[in-house]
Amino acid sequence: MSKVMVCIKRVVDYNVRVRVKPDGSGVITDGVKMSINPFDEIALEEALRMRERGAATEVVAVSIGPADAQQQLRTALAMGADRAVLVQNDGAIEPLTAARIFLKLVEKEAPGLVILGKQAIDDDNNQTGQMLAALWNRPQATFASKVELDGKVARVTREVDAGLETLEVDLPAVLTTDLRLNEPRYVKLPDIMKAKKKPLDTVTLESLGVTPTNDVKVLRTDSPPQRQKGVLVKSAAELVEALRKKGLVA
Amino acid sequence: MSRVLIVGEHASGRLNASTAKCVTCAAAIPGAELAIALFGDDTAAPATDAARLAGVARVLRFDHAANTHALAAVIAPQVAAIAADFTHVLGPSTTFGKDLMPRVAALIGVTQVSDIMAVESASRFRRPVYAGNAILTVEITAGRKVVATVRTASFEAAPSSGSAVVESRKVEASIPTHTRFVSLSSADAGRPDLQSARIVLSGGRALGSSDNFKLLYSIADKLGAAVGASRAAVDAGYAANDMQVGQTGKIIAPDLYIAVGISGAIQHLTGIKDARTIVAINKDSEAPIFEIADYGLVGDLFTVLPELEKLLS
């Protein structure tokens, strides 16, 4: 296989405790640390390992976002991606629009495999990979925890509610990653320097001929209801008595 | 009027409880007329279950050899082909629905509403983002079909007091052969399913080994409880992947949740905060889990668990 395309989203870092704006217009992102969506980092790591064992020749990292998303693409290049493409856009992008944009890039790049995180940890949509596969009319293997490439097919183990499911898909295909697929590498300082020289192209939404959809309008953002702190019991006996009183255990 | 299609989930001849929860969500849409579609090689048995769900008018069976395994690439074009008759197409936020429904939405040409937790009108819904740390109220643009997944932990199962009409249907759709089922390995040991169990007992990294999880299993067997695990315990290899409870694992809403040796990372709390009663057993009195627990017991789990087992015998 010649090429693997990895889709990367710039999101609020997973260590940040997200707070809702008092006026309900969104969450506070000013001055907040931004990172590569962790599931996308796993996607990139998987692609890099494929290239390192000779199963792929090139890894292209792509993203949709504001000019600042170049930072995350530079990190992807430092991790080892060969080149990067940013589809620059400042507004919110719905998953269907993202899938349409990625389809345009797929048509241009002709990858043997596209890998994405199963969901972004900001909007938690879990849609884009499946939508890209649908529009591309190609197989999807979501929530992957193991990927084996074998010529023109991939055997993918998926984390499903019932256990582990294995699918065989013809290539090209779309994969989305689950947490346990791999552990992404750390970026080393010399690699950050080297990444500055790697190609990072920027294209516009208009040049790709994609018009953003606005199917799901956000009216309001609220904080979730908080659970109240309960009582401390002193012993297992006291606990069982309390649970029996509430009819929760026999 | 709203015509709502629910894509039913089933396995081994049984309807998954997630479908009954989707029915409750769908019934909250004003003036909704409900139908359940089932895709499989032989859906007679799950169709019987589905027909009993209160509020459902019709159960549509799409039996075909290609539907033996629930492959999204195979089922999505069939759902998209029948969607024209409906205003809403819903599926559960289980791995089945999360895999399938976005593919359906893309074929129809709409963005999906993921993880509906509340219905405000036929076009207005509430859904969690940022691992449940923010709740969005969203509105679907007028005239667009609603394709959505339903956060099953937010809805009770519809009662089995109905009697819907069951129809066998055929659909014209081109079914791809590029995706093939190979195998399914299940860690099921005859215990209740995490997502439908009334009581769930979960262990964290403090259990220290997979062997020590037996302490939980013997109590769980006495309570008829399912056993879950924190991400830390799964990552440490003490418990199987499909036991993971939390934002990135299973989101559950049992009547009673007992967290043993789990400190309470945000992503874990997100997965359990709809539980009716939460019990935390942890030797660290500062553990965040105590902030949301209804009953907290500060103590060494290796002392507390044997005591609990004795008390519950």
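**Entry 1. Strand pairing across the chains**

I looked up β13 of chain A in this predicted model and found that 3 bridges join β13(A) to strand β18 (residues 295-298) of chain B. The two strands run parallel.

**Entry 2. Helix against helix**

I next examined α7(A) and helix α9 (residues 301-312) of chain B, whose axes come within 9 Å. They cross at roughly 45 degrees. I recorded the crossing of α7(A) past α9(B) as right-handed.

I then listed the residues that meet. On the side of α7(A) they are A:Ala236, A:Ala237 and A:Val240. On the side of α9(B) they are B:Val304, B:Glu307, B:Leu308, B:Leu311 and B:Leu312. I sorted the residues of this contact into 7 nonpolar, no polar and 1 charged.

**Entry 3. The interface as a whole**

How many residues of chain A are in contact with chain B? I noted 66 residues of chain A in contact with 68 residues of chain B. Among the elements of chain A that give two or more residues to this side are α3 (95-109), α4 (128-136), β12 (216-222), β13 (231-233) and α7 (236-245). The largest share of the side of chain A that touches chain B comes from β9(A), with 8 residues. I also noted the make-up of that side of chain A: 33 nonpolar, 14 polar and 19 charged residues.

**Entry 4. A sheet in chain B**

I traced an open sheet of 7 strands in chain B, in the order β7-β11-β6-β1-β4-β5-β12, with parallel pairing. Which strands stand at the edges? They are β7 (113-116) and β12 (165-168) of chain B; each has a single partner strand, so one side of each is left without a neighbour in the sheet. The twist averages 25 degrees from one strand to the next.

Within the sheet I checked strand β1 (residues 2-7) of chain B, joined by 3 bridges to strand β6 (residues 88-92) of chain B, the two running parallel. The bridge partner of B:Ile6 in β6(B) is B:Leu90.

**Entry 5. Helices on the sheet**

I found helix α3 (residues 72-82) of chain B packed on the sheet, where it touches β1, β4 (32-40), β5 (56-63) and β6 of chain B. The direction of α3(B) makes about 150 degrees with that of β4(B). Helix α4 (residues 95-108) of chain B lies across β1, β6 and β11 (146-150) of chain B. I noted that α4(B) runs at about 175 degrees to β11(B).

Definitions and conventions:
Residues numbered from 1 in each chain as written. Chains lettered and ligands numbered in written order. Predicted model: local features only at pLDDT ≥ 70, side-chain atom pairs only at ≥ 80, totals over all residues. Contact = placed C-beta atoms within 7 Å. Helix = DSSP H or I, 4+ residues; strand = E, 2+ residues; numbered from the N terminus. Nonpolar A, V, L, I, M, F, W, Y, C, P; charged D, E, K, R; others polar. Pairing = 2+ DSSP bridges. Axes fitted to C-alpha atoms, helices over the stretch in contact; angles between N-to-C directions. Left-handed = near helix turned anticlockwise from the far one by under 90°.
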